[in-house]
Amino acid sequence: MKMITVKQFGLTPSGEPVSQVTIKNNHGHELGLISYGASWQFFREQDGTQHRDLVVGFDSLDDYLTHPYYLGNAIGRVAGRIGSASFDLNGNNYDIEANEGGNTLHGGDHGFADRNWQTQILEEENAVVFSTTLKPEEDGFPGQMDTTVKYTLTEANVVEIEFSAITDEDTLYNPTSHVYMNPAGKGTDARELTLHLVAQNRLEMDHEKIPTGNKLDVRGTAYDFTEATIIDDNLAKGVDQFDDVYALDELTDAQPNATLADPKSDRAIEVRTDRNALVFFIANPADDGSNSADWIERHPFNAIALEAQILSDAIHHQEFGDIVLVAGKQQTYRTSYTFKGIRGSND
């Protein structure tokens, strides 16, 4: 029986209660979310009397407040990096918060991930909407922006994420979900997963991971996932980790933009998006229910992030896409994650 439950997850340093929302579908699978950072905390596959976590997150609010991995957070106003922490818009120059060297990462330290959002439950849709308002005096971007993130869990075991925003002054808007996934289950080695990315090019980066403006052909290189490939096979070609922006090929049908699969269990997660890029990041988020941040540091490569967005630093590269949110014009972006090979799926 599908249902939505809400309980308190803790208090922010200012004393605001943080909500934890659990959405269940008729197969018994559960989508877990928290209002801090409008974050995706877990996806639990129900298998008889047992459950298996296919999305990883923290059990403690303190870890969400202090840990640097943006674990499951909604990211904005602008995902990725903005070079030199500045940009020009409508003839004006804006200096924003530099929180990674001299650059801005994921909207700075006062963006989507660092605030407690309002929560609205939509029972009939099996969905929740988180909402907040960003002000220029808080994050340095122009315009007061009202924004929402809607999460829906369907009976087909699809998690749909819808980002929407409107502003009173032209500003930048390029949000994403920083969800970390592992179809083999939390605590397993994500390097053993296969990844298929429908993307023949990735962005060339400088030493600070700022795009140069060039695109590199991945075919035949360690970055080639144009066919389903075991991630560790490509790591073995001399790559220490993946933190790369892939320019998605245009699709003409319902084909997913990316598929992350576990060959041992035949479970998979398909990603579909209306954006033109996916950031592939393999890192080490997971927890053991005790000291989860410490556990993460000792257990690398536990999950994969596939962050759907417009190509990084697009404000400095016009050909990458338009991330300007025009005053008074609402913008909506959609990304979905289909969990395959689990109970109640079509497989």
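Author: Happy to! Let me begin with charge, before we turn to the rings. The protein carries 26 positive and 56 negative side chains, with the centres of the two sets 6 Å apart. Please keep in mind that this is a predicted model.

The protein has 4 helices and 28 strands. Its radius of gyration is 19 Å, which agrees with the value near 20 Å that a compact globule of 347 residues would have. The C-alpha trace spans about 60 × 50 × 40 Å along the principal axes. Of the 347 residues, 58% count as buried. If we take contacts between residues at least 6 apart in sequence, 64% of them join residues at least 24 apart. The accessible surface comes to about 14200 Å², and carbon and sulfur atoms account for 43% of it.

On to the rings, then. The count comes to 15 aromatic pairs. One of them is formed by Phe112 and Trp117: the ring centres lie 5.2 Å apart with the planes at 85 degrees, so this pair is edge-to-face, the label for planes over 60 degrees apart. Phe112 and Trp117 are both buried.

Phe242 and Phe280 form another pair, and here the planes meet at 20 degrees with the ring centres 5.0 Å apart, so the pair counts as stacked. This pair links distant parts of the chain, since its two residues are 38 residues apart. Phe242 lies in the loop between helix H3 (231-235) and strand E22 (243-247), whereas Phe280 belongs to strand E25 (residues 277-283). Where do they stand on burial? Phe242 has 0% relative accessibility and counts as buried, the cut-off being under 20%. Phe280 also counts as buried, at 0% relative accessibility.

Ring pairs can also join up into a group: Trp40, Phe43, Tyr337 and Phe339 are linked this way into a cluster.

Arg202 is 40 residues from Glu162 along the chain, and their C-alpha atoms are separated by 25 Å.

Note on methods:
Residues numbered from 1 in each chain as written. Predicted model: local features only at pLDDT ≥ 70, side-chain atom pairs only at ≥ 80, totals over all residues. Heavy atoms only, no water. Rg over C-alpha atoms; globule rule 2.2 N^0.38 Å. Buried < 20%, exposed > 50% of the residue type's maximum accessible area, 1.4 Å probe, protein only. Contact = heavy atoms within 4.5 Å. Areas by Shrake-Rupley, 256 points an atom, 1.4 Å probe, with all protein chains shown as cover. Lys, Arg positive; Asp, Glu negative; His and termini not counted. Charge placed at Lys NZ, Arg CZ, Asp CG, Glu CD. Phe/Tyr/Trp six-rings, centres within 6.5 Å; stacked < 30°, edge-to-face > 60°.
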